[in-house]
Amino acid sequence: MDDCIFCKIGSGELPSTKLYEDDRFLAFLDIQPVSLGHALVIPKEHYQDISQVPEGLLGGLFGLARCLGDETIAETGAAGFNIVVNRGVAAGQVVMHAHVHVIPREPDDGLKHWPKKDIPEEDRERLAAALRDRLG
Ligand code: AMP
Ligand code: ZN
């Protein structure tokens with residue numbers, strides 16, 4: 001897409017700190033990292049979010065994200081990593097080209113997971129039944 005920053009990074013029109021590249025995917029360092037090694041994995045083709053990425057690409061996309069996380073651990077001794085996808089503006093997606101975050105973690109790095117919420121049992125059960133129908 002013409003005005004998409006990640007399309008331009010994928011095609012090489014804009015610079016990035018590349019970590020891996022093949023004909024379908026690119027992995028590069030996030031410009032505003034939350035930890036050393038925070039990286040993004042993108043399909044080179046434009047899809048606005050993860051829901052639009054074809055099934056046939058998902059395995060490669062997440063496989064590369066896992067491989068990158070594992071190799072980062074091997075290189076730096078990081079204690080773990082988060083694989084994160086923000087899908088939609090409400091979920092924090094800012095760049096509307098599908099991407100997977102790989103975020104190296106240390107035990108006391110100060111990054112916090114989400115606070116828990118009490119959801120009424122009847123709401124949980126109703127949603128679970130509806131989703132079982134949809135996924136069934
Ligand atoms: P999201 O909130 O999931 O859309 O994340 C977008 C991510 O892209 C953010 O973590 C940004 O720091 C990162 N980002 C934006 N522009 C660039 C760029 N030119 N090079 C590398 N990372 C970028
Ligand atoms: Zn794009």
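Predicted model: local features only at pLDDT ≥ 70, side-chain atom pairs only at ≥ 80, totals over all residues.
Local features need pLDDT of at least 70, side-chain atom pairs count only at pLDDT 80 or more, and totals for chains, interfaces and linings use all residues. Residues are numbered from 1 along each chain as its sequence is written, chains are lettered from A and ligands numbered from 1 in the order in which they are written, and side-chain values use heavy atoms, with hydrogens and water left out.

**Ligand 1**

| Residue | Protein atom | Distance to an oxygen atom of ligand 1 |
|---|---|---|
| His101 | side-chain N or O atom | 2.8 Å |
| Val95 | backbone N or O atom | 2.9 Å |

Alone, ligand 1 exposes 500 Å², and the protein buries 83% of that. These areas come from the Shrake-Rupley method with a 1.4 Å probe. Around ligand 1 there are 16 residues, each with a heavy atom within 4 Å of it. Asp30, Gly92, Val94, His99 and His101 come nearest.

His101 belongs to strand β5 (residues 100-105). Strands here are DSSP runs (E, at least two residues), and helices are runs of H or I with at least four. His101 is buried, at 12% relative accessibility. Buried means under 20% relative accessible area, exposed over 50%, and partly exposed in between (1.4 Å probe, protein chains only). The His101 side chain also makes a polar contact with the side chain of His38, at 2.9 Å.

**Zinc ion**

The zinc ion (ligand 2) is coordinated by Cys4 (SG), Cys7 (SG), His46 (ND1) and His97 (ND1), at 2.0 to 2.3 Å. Donors are N, O and S atoms within 2.8 Å of the metal (3.2 Å for Na, K and Ca). The four donor atoms subtend angles of 105 to 116 degrees, so the arrangement is tetrahedral; that label requires all angles between 85 and 135 degrees. Along the chain, the donors follow the spacing C-x2-C-x38-H-x50-H. Cys7 sits in helix α1 (residues 5-11) and His46 in the loop between β3 (39-43) and α2 (55-76), so this pair ties together parts 39 residues apart in sequence.

**Cysteines**

Cys7 is buried, with a relative accessible area of 12%. Cys67 is partly exposed, at 39%. The structure holds zero disulfides, counted as pairs of cysteine sulfur atoms within 2.5 Å.

Terms used: Tetrahedral: all angles 85-135°; square planar, octahedral: opposite > 155°, others 65-115°. Polar contact = N/O pair within 3.5 Å; in protein donor to acceptor, adjacent residues only side chain to side chain.
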